[in-house]
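This briefing covers a single protein chain.

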Amino acid sequence: MVEFNSRIKSKQVDELFDAILMLRDKEECYRFFEDLCTIKEINSIAQRLEVAKLLTMKKTYTEIENITGASTATISRVNRALNYGVDGYKIILRRQGILKD
């Protein structure tokens, strides 16, 4: 497999991701992320993942807006990442069994 050349790669980001990979369970995730991020930031990230799931399930923007409360700009941003991004959402959605090849 070819190594992914990320636009955000840095020593600090590497250390952040290494720290995340050290978390052992959901409780540790809650503890770490509540210290690391604001509640609004965590909820925004969670909302984007939910939007990605719903887009994959072929829901309309209106349906997604009603279900998640996400703005059409957020839905559009997630849709763009799903279609033209680096497949980060797709990796998770496949592992969750939501996206099939």
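At what angle do the axes of helix 4 and helix 5 cross, and within what distance do they come? They cross at roughly 115 degrees and come within 10 Å. The model is predicted: local features need pLDDT of at least 70 and side-chain atom pairs count only at pLDDT 80 or more, while totals for chains, interfaces and linings use all residues. Residues are numbered from 1 along each chain as its sequence is written, and side-chain values use heavy atoms, with hydrogens and water left out.

**Overall build**

- The chain has 6 helices and 0 strands, where helices (H or I, at least four residues) and strands (E, at least two) are DSSP runs numbered from the N terminus.
- From the N terminus on, the order of elements is α-α-α-α-α-α.
- Taken along the principal axes, the C-alpha atoms fill a box of roughly 40 × 35 × 25 Å.
- Of the 101 residues in the chain, 16% are buried; buried means under 20% relative accessible area, exposed over 50% and partly exposed in between, with a 1.4 Å probe and protein chains only.
- Among contacts (heavy atoms within 4.5 Å) between residues at least 6 apart in sequence, 37% join residues at least 24 apart.

**Helix packing**

- Two packed helices are described by the angle between their axes and the distance between the axes.
- Axes are lines fitted to C-alpha atoms, for helices over the stretch in contact, and angles run from 0 to 180 degrees between N-to-C directions.
- Helix 4 passes helix 5 in a right-handed crossing; a crossing is right-handed if the near helix is turned clockwise from the far one by less than a right angle, and left-handed if anticlockwise.
- On the helix 4 side Y61, I64 and E65 take part, meeting T72, I75, S76 and N79 in helix 5.
- This contact of helix 4 with helix 5 divides into 3 nonpolar, 3 polar and 1 charged residues, with Ala, Val, Leu, Ile, Met, Phe, Trp, Tyr, Cys and Pro counted as nonpolar, Asp, Glu, Lys and Arg as charged, and the others, Gly among them, as polar.
- Helix 3 (residues 39-56) packs against helix 4 (residues 61-68) at about 145 degrees, with the axes 10 Å apart, and their crossing is right-handed.
- Q47, E50, V51, L54 and L55 in helix 3 meet Y61, I64, I67 and T68 in helix 4, a contact of 6 nonpolar, 2 polar and 1 charged residues.

**Pockets**

- A pocket is an open set of points on a 1 Å grid over the protein atoms alone, where a 1.4 Å probe fits, with protein on both sides within 12 Å along at least five of seven lines; lining residues have an atom within 4 Å of a point.
- The largest pocket holds about 1900 Å³ of space, a volume being the space filled by probe spheres set on the points.
- The largest pocket is lined by 34 residues, of which F17, I45, G88, Y89 and I92 are the closest to its centre.
- Helix 3 gives the most to the lining of the largest pocket, with 6 residues.
- The second largest pocket has a volume of about 170 Å³, and its lining includes L55, N79 and K90.
- Helix 5 supplies the largest share of the lining of the second largest pocket, 3 residues.

**Residue I8**

- I8 lies in the segment before helix 1 (11-21) and counts as exposed because its relative accessibility is 53%.
- Leaving aside neighbours within four places in sequence, I8 is in contact with V13 and F17.
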